[in-house]
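Have the viewer open as you read, and let the headings guide you from one region to the next.

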Amino acid sequence: MNLKVEAQKRTTKKKSDLKQLRNEGQIPAIIYGQGRDGILISINDADFFKIYRKSIGEVAFFDINLDNHNYTTVIREKQVHPLTRKILHIDFMELQEGKPITIDIPVQLIGESEGVKKGGVLEFLVRNIQITCLPKDVPDAIQIDVTKYDMGDSIHVADLEFDPDKIDVNLSPETTILTIAEPSELIIETEEEEEIEGEELVEGEEATEGEETSEGESEEEKETQE
């Protein structure tokens, strides 16, 4: 999936300047490429959110239009506010023609399995599979039809069909993607977990509240000072 994004160059790098950009409805971002410095850009927050929603659940390439030049990119990293979930900063990586990339591909399940119809529970263990291939060979998603699978069945990486001449899978073939468990198995596991938790409480260990974390910083912001 290729999505078009309009961008503007920016010269602002200080944290205070980046905050001002966000207040003006812009997302500060940077385009990294091979053999050159990153290009500082900003993109409209509302416009990008509409575009980004289309990519959820699939692999997306972002065609960034900057001064009438197109940069085909993928998102390498994005910084998100922990409370509002607004995107604060994006690192884009420009793709190079003929050069392989390593990327996570989402797994999509199709249908309802026979095991689930009989009362079993589908445990979805691996939701993304990392592969390495040329950009032109990147699939939008990995689809698995689960309709024929019964209780006790599992699907492993080795069960998926990839062209080995084009795609390298960076997971062990034995890795379990999903399994369909019988309800009795889940009940036993739950009871065992409750017993373990009870033993921990008897030992008198006090639970502490999790420490509040900061918003974090993008690579660009770590390198700049006000």
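## The loop between β5 and β6

D67 sits in the loop between β5 and β6. Strands here are DSSP E runs of at least two residues, helices are H or I runs of at least four, and both are numbered from the N terminus. This is a predicted model, in which local features need pLDDT of at least 70 and side-chain atom pairs count only at pLDDT 80 or more, while totals for chains, interfaces and linings use all residues. Residues are numbered from 1 along each chain as its sequence is written, and side-chain values use heavy atoms, with hydrogens and water left out.

Although D67 is not a glycine, its phi is positive, at about 55°. D67 is also exposed, because its relative accessible area is 57%; the cut-offs are over 50% for exposed, under 20% for buried, and partly exposed in between, with a 1.4 Å probe and protein chains only. N68 is found in that loop between β5 and β6 too. N68 is not a glycine either, and has a positive phi of about 65°. With a relative accessibility of 78%, N68 counts as exposed.

## The open sheet

Let us turn to the strands. Seven of them make an open sheet, a sheet of 7 strands with mixed pairing, in the order β1-β5-β6-β7-β3-β4-β2. The edges belong to β1 (2–6) and β2 (8–9); each has a single partner strand, so one side of each has no neighbour in the sheet. Two strands pair if DSSP finds at least two bridges between them. β1 and β5 (residues 61–66) run parallel and are joined by 5 bridges. Within this pairing, L3 has F62 of β5 as its bridge partner.

Two helices pack on the sheet. Helix α1 (residues 15–23) touches β3 (26–33), β4 (36–44), β6 (69–80) and β7, and its direction makes about 120° with that of β3. Helix α2 (residues 45–53) touches β1, β3, β4, β5, β6 and β7, and its direction makes about 95° with that of β4. These angles, which run from 0 to 180 degrees, are taken between N-to-C directions of lines fitted to C-alpha atoms, for helices over the stretch in contact.

## Two faces of β1

Which residues lie on the covered face of β1, and which on the uncovered one? L3 and V5 form the covered face, whereas N2, K4 and E6 form the uncovered one. In a regular strand, side chains alternate between the two faces of the sheet. N2 stands opposite F61 in β5.

## Two buried residues

I87 lies in strand β7, which covers residues 87–94. I87 counts as buried because its relative accessibility is 13%. Setting aside residues up to four places away in sequence, I87 touches I27, F48, K78 and Q79, where contact means heavy atoms within 4.5 Å. I87 and F48 are 39 residues apart along the chain, and their C-alpha atoms are separated by 9.7 Å.

Q26 belongs to strand β3 and is buried, with a relative accessible area of 17%. Not counting residues up to four places away in sequence, Q26 touches Q8, L21, S42, I43, N44 and D45.

## The nonpolar cores

The largest nonpolar core has 29 residues, and I103, I129, V138 and I177 have the most contacts inside it. Such a core is a set of buried Ala, Val, Leu, Ile, Met, Phe, Trp, Tyr and Cys residues joined through side-chain atoms within 4.5 Å. At least two residues of this core come from each of β3, β8 (101–110), β10 (128–133), β11 (142–145) and β14 (176–181). β8 gives the most, with 4 residues. Domain 1 (2–96) and domain 2 (102–181) each provide at least three residues of this core; the domain bounds come from an automatic or database domain assignment.

Leaving aside its neighbours within four places in sequence, I129 is in contact with I103, D104, I105, V107, I142, L160, V169, L171 and I177. A second, separate core has 20 residues, including L3, I27, Y52 and Y71.

## The whole protein

The secondary structure comes to 5 helices and 14 strands. Of the 226 residues in the protein, 36% are buried. Among contacts with a separation of 6 or more, 68% are between residues 24 or more positions apart. The protein exposes about 14400 Å², of which carbon and sulfur atoms supply 45%; accessible areas come from the Shrake-Rupley method with a 1.4 Å probe, and for residues only the protein chains shown count as cover.
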